[in-house]
Protein chains: 2
Amino acid sequence: MSTATIRDVAKIAGVGIGTVSRVLNDSPDVSERTRLKVLSAIEALDYTPNPIARRLSLGKTLTVGVIAPFFTRPSVVERLRGIENVLGASEYDLIVFNVETVARRDAYFRDVPRRERVDGLLIISLLPDEEDVQRLRRAQMPVVLVDISHPAFSRVSIDDVAGGRLAAEHLLALGHRRIGFVSDYEDPSFDFTANNRRLQGFRTALEAAGIAWHYRYHAAGRHSLASAREMAHRLMQLPAPPTAIFAASDTLAFGVLEAVQEMGLTVPDEVSVIGYDDIEVAEYLQLTTIRQSLFESGVKGGRLLLREIRLPPSTPEEILLPTELVVRETTAPPARSERTIRR
Amino acid sequence: MSTATIRDVAKIAGVGIGTVSRVLNDSPDVSERTRLKVLSAIEALDYTPNPIARRLSLGKTLTVGVIAPFFTRPSVVERLRGIENVLGASEYDLIVFNVETVARRDAYFRDVPRRERVDGLLIISLLPDEEDVQRLRRAQMPVVLVDISHPAFSRVSIDDVAGGRLAAEHLLALGHRRIGFVSDYEDPSFDFTANNRRLQGFRTALEAAGIAWHYRYHAAGRHSLASAREMAHRLMQLPAPPTAIFAASDTLAFGVLEAVQEMGLTVPDEVSVIGYDDIEVAEYLQLTTIRQSLFESGVKGGRLLLREIRLPPSTPEEILLPTELVVRETTAPPARSERTIRR
DNA sequence: TTCGTAATTGGAACCGGTTCCAATTGTGCA
DNA sequence: TGCACAATTGGAACCGGTTCCAATTACGAA
């Protein structure tokens, strides 16, 4: 006894297959009497339409893909959660493509963007290169970028410039004057424009306060706690070490905290540290940070994509999400001696 | 210019559609000359077979579903990572179904296990109830459970009994005699058998050391840091409070640590804490814990499922993964006074 | 009662693959 | 050279839906 088909239902109900299809799709052109006959046949056979046959016939995949470096960054998982939340309630299936290596990245960017495979694509924290962009446009694939920006596509971006500014202003207000910046650079094909925007806002705020920005206070490396630890060690060994460090993600901030503690310095009395993202453990560890709405970015991205699948926009849309300073216990005014030196 | 079909390729190559299909599927019954003609036509048209048509024709979905409470537990994300790693390299697509509420859980368990939807199912940390089990069996759905166990299905389980024993033996060896256990119970439809197994191994070890287990040392609540914090507070206010606490997950352990610190006690000198899972931050926070191979459990589960889709086994298979004690800085011998009291 | 129009209905054709069977071509051997 | 059999090949039928058009039925007006 294999599963019933629409023809079985039609036979049992004593109607044509077209009529069954109409009932399934809530067409108004069915008399109430026939509708009931069909519904009871459906019930009797425990019939469900085969989604694959439906997709082939409709010429749609009813599937959305998400390409992202999910598991290298806790923040991405939280965005994915937002996306799943929207798509799980829709008729679209969600296929995940996790990128951990450049090879996987290229393979996915090459193979996934086919109309026969997905109806739309969400790309998180990965910047498509020009070739990818061309391919996506040629396929007329609806695409929404999250946490990344490219003029060719709709996007949910985070106001990272403002975020960088918030971080700087908080530290400046506390009295810090020498501030380090720790970020990740990774492979150039991975996201780093978010970091650049954070740095930009950060520098703008410093310069507005009359403080020149020195590149020696900027360290960039891999996106890992260990890498951030090393970078922080380097920064703290400068002739005039920073009294505060701004890390481009909470994960990096934890590496910085570790380094500072290893050097026998206390946080926040001797060194202040501020992160970015406000991932879950940040609260537990009482890290001062810049919060961005991770979950919400996923929700907005998912909704935007669904909308654009139904109605392709003539011009890409941009949604900008705000950032917010969350003051906890890793930032404080600089040590007394520092303050005297600076005057 | 819509995408090319197999008939276009056949026309260009001057062969029949059957032949094109044979070339696509590496059938040996094609002469080399024809194969080349077909391949160059495919090249010329930039043709890719439509996976949906293929699925309909094959009667397979080439899709695997994963149902799990991904985002409420960091450990699940790591398992998912292992699964994606295996499936991303296969011809199967991976659809995620995230369960955060009982409603979603029920909806997914009802709708997903249809052969027309997925060819196989991975279920992580969620125990199907009897009705679900019946439905899955009726649909003859290949199912692999990860981090959970039910005799009806193949599974990758973790030797949690041994894990619980390891935790107890470590604390016993350090000299602890009054040990608390903090676990989560959640909704009964969610996983808690893993916790029970951990508790079982734990108790066995205690009893083998001649220590009777008192239920008042067992606290169970929601799976969150905050909940663990409260539970730890309760345990520590007992007349003879535990000198060590075993938490059934690292997340819970962090809640315990927080509570202990709030009470002005130091870890590990006054209270020892041991977790379970060894999630990423555990190392950063120097938590002593029981490590289980999260990533590997996903890899093994993915492989097992693919195998069972190809060749349904007559009887469910069980893969048991080991656990390992990782000693860091949250466990130590009990305080001096305690030791004197006990002798 | 008859006719015209609107409301329903049936089912062929189609979506783009795979598979199987019959037909055609090729090969080895007497 | 002729024949038996193996190797290739073509394409109808099928997978299970949707859609569109022609046919049938229902209904109100004359």
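Which helices of chain A and chain B each supply at least two residues of the surface near DNA strand D? In this predicted model, they are α2 and α4 of chain A together with α2 and α4 of chain B. The views below take each surface in turn.

**View 1. The protein surface near DNA strand D.** Here 26 residues surround DNA strand D. Look for A:I6, A:A53, B:V15, B:G16 and B:G18, which are the closest. Among the elements, α4(A) gives the most to this surface, with five residues. Sorted by class, the surface near DNA strand D holds eleven nonpolar, 13 polar and two charged residues.

**View 2. The protein surface near DNA strand C.** Around DNA strand C there are 26 residues, and A:V15, A:G16, A:G18, B:I6 and B:A53 come nearest. The largest share, five residues, belongs to α4(B). The class tally for the surface near DNA strand C is eleven nonpolar, 13 polar and two charged residues.

**View 3. The contact between chain A and chain B.** Chain A brings 30 residues to this contact and chain B brings 29 residues. On the side of chain A that touches chain B, the elements giving two or more residues are α4, α5 (74-87), β2 (93-98), α11 (250-262) and α12 (280-284). Pick out β2(A) here, as this strand gives the most to that side, with six residues. By class, the side of chain A that touches chain B has 14 nonpolar, six polar and ten charged residues.

Note on methods:
Residues are numbered from 1 along each chain as its sequence is written. Chains are lettered from A and ligands numbered from 1 in the order in which they are written. This is a predicted model: local features need pLDDT of at least 70, side-chain atom pairs count only at pLDDT 80 or more; totals for chains, interfaces and linings use all residues. A residue is near a molecule or strand if its C-beta atom, placed from the backbone, lies within 6 Å of it. Helices (H or I, at least four residues) and strands (E, at least two) are DSSP runs, numbered from the N terminus. Ala, Val, Leu, Ile, Met, Phe, Trp, Tyr, Cys and Pro count as nonpolar, Asp, Glu, Lys and Arg as charged, and the others, Gly among them, as polar. Two residues are in contact if their C-beta atoms, placed from the backbone, lie within 7 Å.
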